[in-house]
Amino acid sequence: MIIITRPDATEAQIERIVDSVHQWGLKTEVSRGVLRVVIGVIGPEDKIREKPLGAFPGVESVMPVLKPYKLVSYEFRGTPSHVKIGPVTVGTPEVVLMAGPCSVESYEQITFIAKSVAKAGAKILRGGAFKPRTSPYSFQGLGKVGLQFLHEARELTGMPIITEVMDTKDLELVAAYADCLQIGARNMQNFALLREVGRTNLPVMLKRGMAASIKDLLMSAEYILSEGNFNVLLCERGIRTFETMTRNTLDLNAVPVLKAETHLPVVVDPTHGVGVREFVPAMALAGVAAGADALMLEVHHEPERAKSDGEQSLRPHEFDDLVTRIRRVAEAVGRSL
Ligand code: PEP
Ligand code: MN
C-alpha cells in the first residue's frame, strides 16, 4: 500500500503517519518528492488493508499496489532510487562505468587493469573471484585470494569493487570484501541466495537470467527488497534467442520498460549481451542512449591469455576510446559521464 501526502502536509503530520504505521508492527519506506511525500507501507496485505490510513490529516490518497511486484514497482516510491556503492552513486544523471576483467587472475593482472580503467574514467572495478562457468573443467576463480587482490586494487585506485557471490555459504566472506554484491544470471532465481543478500545492507546488482522475462527479474528483485535491502540495481545482460551470430541478444527494450516499471537503477552489460569484442562498443553506446544508469564492461590487457571471456573483453585502449564516445552520447541525451 502507498500513502501519498498532500502538498501542504506538515512534517509533524508525516511523522505521525509513519509513527502510527510502525506502532502497528508494519514498516515504511519514505520517499520525498518536490511536492509530495510517498510513504510505502510494508507488511502483510490483509493487515495493512484493515488500517485507517486515509483518516490521517495530511493524506491525499491511499493506493494499493496492484502489480505482483510491489516494493520494486515505480509507484511504490514515485521517484527513481539512488544506490550508493562506496563513494559512487548510481541513479543520477551521471552515467557510471563499471569495468574490469571477467575473472581476477593475479595481483599483477587486476591491479594493472584497475589502474588503466580508473584512468580512462571507470568509477567501479569489477572482477570475479567466484566464477559461474558452464563447464566444471573451466577456471572457477581464485576465491578468497581473488577477493584479497580486489581489495588491494581498491586500495591502489580508490575504486569500490563489485564481485559475484554464487552461494549462500560464501556470502559472509564475499560481503567482507565487496562494496557491491553481484548475483549472476545463472542465480537470478536462487531464492535462498536472494533472501540472504536481502538481509545484508550491501548494494546488490541482480543480473537478468538468460531465459528470464523482465517480470521474472522484477519478481526476483522483490525477494531482496522484501528482506529489507532496498539497495538493488537491475542489470540487462542479454537473453538467449534463436540468433547465433552473437553470444546472447542484448534486450535493450528492457531498459525503458524497467525505467517505467521500477524505481531501481538499471545497468546494461553489453559485454555479455553481445559476447563479441568488436560489437561491444556499439551496444554500450546504445545502452546509454536507451537510458541506462550505468554500464558494466569487461576489460583485459591480454585478452588472448584471459582465463575467461577474453573474446569479448575490450583492450584498455579500446575501453579508453569508448569512454570518449560514451561521454558524447551521454551528453546528447541530457546525461553526463
Ligand atoms: C559476469 O559478469 O562475469 C558474469 C558471469 O555474468 P552473467 O552472470 O551475466 O553471465
Ligand atoms: Mn564474463
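H272 is buried, with a relative accessibility of 8% (buried means under 20% relative accessible area, exposed over 50% and partly exposed in between, with a 1.4 Å probe and protein chains only). This is a predicted model, in which local features need pLDDT of at least 70, side-chain atom pairs count only at pLDDT 80 or more, and totals for chains, interfaces and linings use all residues. Residues are numbered from 1 along each chain as its sequence is written, and side-chain values use heavy atoms, with hydrogens and water left out.

- H272 belongs to helix α10 (residues 270-274) and E298 to strand β14 (residues 294-298), so the pair ties together parts 26 residues apart in sequence (helices, H or I of at least four residues, and strands, E of at least two, are DSSP runs numbered from the N terminus).
- E298 is also buried, at a relative accessible area of 1%.

**Helices α7 and α8**

- The axes of helix α7 (residues 191-198) and helix α8 (residues 214-226) come within 7 Å and cross at roughly 40° (axes are lines fitted to C-alpha atoms, for helices over the stretch in contact, and angles run from 0 to 180 degrees between N-to-C directions).
- F191, L194, R195, V197 and G198 of α7 make the contact with S220, Y223, I224 and S226 of α8 (contact means heavy atoms within 4.5 Å).

Notes: Chains are lettered from A and ligands numbered from 1 in the order in which they are written.
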